[in-house]
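User: Please go through the terms used for this model and show how each value meets its definition.

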There are 4 protein chains.
Amino acid sequence: MSGTWGKNIKLSIFGESHGSAIGITIDGLEPGLEIDIEAVKKEMDRRAPGRSPLATARRESDTFEILSGYFNDRTTGTPLCAIIRNADQHSKDYGDLKKLMRPGHADYTGNVRYKGFNDYRGGGHFSGRITAPLVFAGAIAKQILANKGIIIGSHIKSIEKIQDASFEEIDLNEDLIRKLSYESFPVINKSSGDNMQELILKVKKDLDSVGGIVETVILNLPSGIGSPFFDSVESHLSSIIFSIPATKGIEFGKGFDISALKGSEANDEFYIENDIIKTKTNNNGGILGGITSGMPLVFRTAIKPTASISREQHTVDIEAHKNATLSIKGRHDPCIVPRAVPVIEAASAIAILDLMLDIR
Amino acid sequence: MSGTWGKNIKLSIFGESHGSAIGITIDGLEPGLEIDIEAVKKEMDRRAPGRSPLATARRESDTFEILSGYFNDRTTGTPLCAIIRNADQHSKDYGDLKKLMRPGHADYTGNVRYKGFNDYRGGGHFSGRITAPLVFAGAIAKQILANKGIIIGSHIKSIEKIQDASFEEIDLNEDLIRKLSYESFPVINKSSGDNMQELILKVKKDLDSVGGIVETVILNLPSGIGSPFFDSVESHLSSIIFSIPATKGIEFGKGFDISALKGSEANDEFYIENDIIKTKTNNNGGILGGITSGMPLVFRTAIKPTASISREQHTVDIEAHKNATLSIKGRHDPCIVPRAVPVIEAASAIAILDLMLDIR
Amino acid sequence: MSGTWGKNIKLSIFGESHGSAIGITIDGLEPGLEIDIEAVKKEMDRRAPGRSPLATARRESDTFEILSGYFNDRTTGTPLCAIIRNADQHSKDYGDLKKLMRPGHADYTGNVRYKGFNDYRGGGHFSGRITAPLVFAGAIAKQILANKGIIIGSHIKSIEKIQDASFEEIDLNEDLIRKLSYESFPVINKSSGDNMQELILKVKKDLDSVGGIVETVILNLPSGIGSPFFDSVESHLSSIIFSIPATKGIEFGKGFDISALKGSEANDEFYIENDIIKTKTNNNGGILGGITSGMPLVFRTAIKPTASISREQHTVDIEAHKNATLSIKGRHDPCIVPRAVPVIEAASAIAILDLMLDIR
Amino acid sequence: MSGTWGKNIKLSIFGESHGSAIGITIDGLEPGLEIDIEAVKKEMDRRAPGRSPLATARRESDTFEILSGYFNDRTTGTPLCAIIRNADQHSKDYGDLKKLMRPGHADYTGNVRYKGFNDYRGGGHFSGRITAPLVFAGAIAKQILANKGIIIGSHIKSIEKIQDASFEEIDLNEDLIRKLSYESFPVINKSSGDNMQELILKVKKDLDSVGGIVETVILNLPSGIGSPFFDSVESHLSSIIFSIPATKGIEFGKGFDISALKGSEANDEFYIENDIIKTKTNNNGGILGGITSGMPLVFRTAIKPTASISREQHTVDIEAHKNATLSIKGRHDPCIVPRAVPVIEAASAIAILDLMLDIR
């Protein structure tokens with residue numbers, strides 16, 4: 001199984017890249033919530049393809065239709081289903097994919113898992129396109145969180161070897177995070193961003209691709225969200241973040257680097273300021289024992305280079321059951337990282353909202 | 001909520017560090033399974049405290065009693081519950097913890113989450129001690145996997161800045177992995193291991209602590225395990241691995257480093273050898289599209305330095321609601337990494353078994 | 001929450017009576033299953049309104065569109081979503097329902113539950129119309145079961161005080177059950193059925209309604225399906241059967257009447273015939289200890305009279321917060337029982353399939 | 001699987017009749033709850049065996065030990081596990097049960113389900129004894145509900161053909177319900193109760209058994225609890241009630257009898273009294289559209305005669321695979337109904353609490 005997630009907010013996702021429609025059902029939304037449809041569209045647009053020379057040429061308006069759970073411009077509290085019709089499909093580009101397994105893609109593993117019956121066109125249900133409904137759901141979750149003052153923002157921490165500044169080095173104020181959340185290529189240092197975009201255009205010309213790291217922060221989270229063990233904030237967040245195709249790692253706070261510190265360096269000492277308990281450092285990224293501490297929640301997601309590249313690659317032909325070569329002809333992103341940003345934010349908004357509803 | 005996990009194998013964990021007993025109920029085990037009790041004890045011993053100068057002086061035999069689900073030396077198929085009585089408790093060591101929040105620990109967040117009613121002694125339900133039942137369950141899962149030829153092994157990839165070799169650099173043969181799985185301080189290069197242990201003893205003398213990285217491999221996994229999206233192998237594994245206290249990051253295959261590669265470098269090209277489809281490289285760590293590829297499943301877990309250190313630290317007194325200092329007197333591990341190894345293996349064995357049961 | 005159900009087969013249902021579409025996502029179907037679309041349509045037609053003078057005049061073709069999970073005329077194994085557009089809506093018939101609570105309906109409880117934000121038109125998400133997607137899913141489940149030789153059939157055991165024969169009194173052969181499953185008004189004794197239909201037309205003229213009891217049998221179920229306690233066949237079946245609007249009771253085997261027997265009468269004695277273990281009687285309805293015995297699974301479902309009647313009724317006006325009277329103008333069934341039959345069969349097919357997938 | 005239940009309150013049950021201990025883990029309890037241990041014991045005593053000539057002679061004190069989740073006389077909010085050691089086992093009474101399948105019991109179906117590896121002694125995990133932990137959990141749930149003014153009470157509606165009065169015929173006041181909830185043989189009419197008890201003693205002498213019907217009411221439930229479809233009050237309640245061994249039917253309000261009414265009779269008309277919306281009748285048993293209406297929630301549970309009777313019965317020997325006869329020697333209840341009462345109340349308390357936690 002693959003398509004359901006959540007405890008208090010239950011998601012059910014469906015669709016294939018070249019099927020008739022993709023969509024999501026969200027169960028557990030509070031009744032009476034006014035959804036800012038324009039804001040949802042804006043989030044959808046951040047992810048939508050065909051918006052920039054950095055992205056795939058496939059052009060999808062990603063127009064959604066809400067089928068249920070929404071009445072008189074408010075949520076009803078019953079399951080809300082939204083679908084997005086697929087439009088600009090070039091299915092014939094994918095004819096060979098039935099037998100030639102694209103390296104780095106799920107063609108082969110999907111074929112084994114589903115005994116050859118999966119829709120292989122454009123990656124089918126494995127396509128990054130299926131994250132569009134997730135962004136839809138996340139956009140609603142973001143609004144609910146925003147109503148509580150909680151803000152989620154990200155920047156592109158790195159593209160290949162080019163680094164942006166880190167959230168650790170700067171003042172994490174709401175204005176900055178909000179500003180980042182509107183940008184199509186969010187970075188802290190504009191010059192790093194320029195270099196990154198230049199690199200992406202270059203690898204595109206080279207028929208190659210690059211990956212990167214996204215750093216995300218959630219501000220104004222109350223302390224006490226999450227649970228020990230199986231419902232830790234890290235467990236819950238990572239389970240949905242790893243649902244996003246191309247994700248290969250996640251780390252919280254100092255993450256892997258915390259393993260190179262001494263305890264006396266890593267421990268975040270507590271202090272009281274203006275009657276509020278804070279920590280001097282935030283090496284734990286706002287989470288202690290699986291529960292939020294009230295400090296900014298910080299995590300980083302590693303995104304691999306787009307698996308689709310136009311260069312010839314070695315692979316296997318599973319029909320002939322022999323070695324072969326493949327040149328992928330479909331349209332694809334030279335770098336998926338900018339489009340992954342809104343998906344990561346959406347997924348984390350949903351995870352946080354779901355955990356908050358545990359607290360009574 | 002915190003204590004339940006799984007789809008086909010359902011775990012229910014309970015207990016506090018200084019309560020009368022800790023334990024776990026495992027639902028969904030196949031009937032008729034002979035459990036090698038000695039092998040379970042060996043796994044429990046790998047995690048048990050008081051075994052080495054590298055570890056805490058708290059001595060617990062971690063003797064388990066199986067209360068149900070086990071009859072005539074075989075599983076019955078109905079829920080199997082095992083408990084471990086707590087023995088060597090020095091609860092008075094923890095008197096201050098009611099009000100003085102240990103930095104890096106869950107004292108503060110647990111207090112907020114549970115409105116001050118949580119058992120604070122020794123970290124209560126947040127204690128690493130609660131991983132003992134997880135190792136029990138994992139030892140059974142390991143046996144079930146071993147019956148199918150699947151082997152899980154780990155080594156300590158780094159302690160603070162001291163590095164062992166990587167699984168990437170060596171031949172991943174079953175003998176090596178099996179050998180590692182019996183060692184109390186598993187490393188590839190003995191000299192790295194010596195240096196690591198020396199460092200741990202040194203920081204112990206310095207009243208400090210260190211963390212590290214554990215690298216785990218699962219050999220002989222069939223292809224086709226896992227699902228896209230919410231039930232990806234990465235989602236499922238990370239959700240249980242992050243249940244382990246002190247975990248701050250997880251990455252699969254090349255992990256974060258894959259983000260610095262080009263697509264042409266990162267893509268694992270397929271080929272056929274002896275009629276089996278393999279990939280030339282394994283940058284994706286044996287997982288594509290959330291599903292196993294048949295290549296070794298490789299992941300790394302970042303473990304932070306033990307939060308308990310004997311040095312004086314700044315903190316807050318939540319009763320007086322003011323700044324304070326704290327010197328932790330309880331016994332603790334200068335480095336939790338060696339004892340985390342069997343827990344990570346246990347958790348991953350359970351996650352993999354749970355996913356395998358999805359496939360019919 | 002309301003819209004998700006199942007363990008191995010996960011359903012996610014959505015929609016409102018007068019919204020744009022209703023639908024269902026089915027996750028966990030095996031890949032490669034050829035669906036007999038005509039057979040699905042036939043099941044949908046059995047439930048569809050406007051087919052008979054016994055039913056509501058609302059005419060819906062209940063044409064479904066499969067959006068995902070279906071490729072080259074077979075299931076892909078990934079989530080299958082189907083939607084049904086609403087067509088023949090007379091929403092203005094329901095204008096008063098915003099404030100006048102229909103007795104016997106969910107208008108009032110839905111208003112409280114959803115704080116007045118639920119879609120009240122035609123009962124909204126509470127409408128019996130939402131069972132159409134359930135019949136869709138059940139039609140697929142029935143086909144999967146039929147491939148294993150398992151047959152589900154029902155008859156109308158009673159309408160008001162008019163009784164049909166009981167499954168207990170007759171020979172439960174496959175031919176009869178199959179024959180019943182094609183009929184729009186399935187009864188064992190044609191004359192009882194005639195009397196029932198006459199009564200329904202009479203109460204319709206009287207602006208009143210009637211209910212009844214549906215008796216269902218599942219033949220050729222293997223023994224060993226289900227589990228003790230929380231996953232008993234009765235628990236699983238009843239949880240989905242009570243999802244069907246208007247259901248007020250369920251009983252298995254002899255049901256409530258078994259409470260009037262002695263143990264020596266109620267116990268189903270075992271014997272061996274042609275090497276197969278059977279029971280002489282089947283008072284337990286094919287279930288012992290929550291698990292199928294291999295005998296026919298028999299249960300009865302009590303359906304209340306349609307709550308919508310055209311007679312003037314006393315009620316409350318929740319806007320004015322005072323007593324009021326109401327005459328319902330919408331179209332409605334004088335008796336919902338015949339249309340409930342395919343829904344009950346669909347729900348039980350899904351429940352049984354879900355439990356069968358537990359057995360490995 | 002069999003042992004887990006619930007959404008907000010998660011139960012995990014384990015144990016066998018003749019194993020070392022039985023128990024339950026309850027996850028999701030609010031922190032800081034003072035448990036009235038004496039009241040829990042009283043509930044346990046209502047179910048415990050060996051208390052009356054009407055019940056089995058097996059004498060178990062059913063003394064529970066709380067292992068976790070309880071600190072300084074209050075719940076911690078983390079998983080609460082309690083175990084009950086088995087004491088008075090006569091396992092040799094059950095030697096034959098390995099091969100001779102008791103009619104009406106789960107011996108045969110359990111053997112098939114668990115491939116012969118289940119603990120057959122005393123019914124093993126299928127034993128009614130496993131309901132003791134459920135009563136423990138229910139006793140806590142009852143206290144939480146009582147803190148909100150919600151009261152659960154039952155009476156024995158019938159034993160075999162002897163009827164008590166019905167809740168429908170009397171004034172459902174709190175005092176009566178509370179009084180019933182303390183009695184070991186709760187009835188409305190003392191004389192009916194006397195006749196019932198006389199009958200039970202008589203059938204005991206006849207080496208036979210009887211069943212009956214339990215009628216339960218929940219008073220002071222707020223309106224708006226529950227959800228349409230899969231989380232209807234009926235779905236949730238029935239799924240846990242059918243977990244109780246020997247249950248063969250459940251009905252709400254008028255239940256099966258509502259099917260013999262006209263809509264104009266069955267519909268519960270609304271009216272306002274003292275500013276509160278009520279219904280004149282309560283044929284729907286306090287539930288409309290799966291959601292509580294604020295009227296008393298009424299349901300009846302059909303309990304079959306104890307399957308264990310001392311008379312010789314026909315059965316099969318599954319080792320020799322041939323017909324055989326069996327005389328059950330173990331101690332058993334001539335009528336399980338009185339001991340089922342506290343179990344039904346416990347189960348319904350848990351179900352209602354779980355649903356109430358959905359409402360925010």
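Predicted model: local features only at pLDDT ≥ 70, side-chain atom pairs only at ≥ 80, totals over all residues.

Analyst: Residues are numbered from 1 along each chain as its sequence is written, and chains are lettered from A and ligands numbered from 1 in the order in which they are written.

User: Why is A:I258 called buried?

Analyst: A residue is buried if 20 or more other C-beta atoms, placed from the backbone, lie within 10 Å of its own, exposed if 12 or fewer, and partly exposed in between. A:I258 has 24 within 10 Å, so A:I258 is buried. Buried residues make up 67% of the 360 residues in chain A.

User: Which residues does A:I258 touch, leaving out those up to four places away in sequence?

Analyst: Contact requires C-beta atoms, placed from the backbone, within 7 Å. By that rule A:I258 touches A:G253, A:A266 and A:N283, and also B:G211, B:K248, B:A302 and B:K304. A:N283 is 25 residues from A:I258 along the chain, with 7.2 Å between their C-alpha atoms.

User: What makes the relation of chain B to chain A that of a two-fold axis?

Analyst: Superposition is by least squares on the C-alpha atoms of residues with pLDDT of at least 70 in both copies. A rotation of 180 degrees with 0.0 Å of shift along its axis places chain B on chain A, at RMSD 0.0 Å. That is the relation of a two-fold axis.

How values were computed
Contact = placed C-beta atoms within 7 Å.
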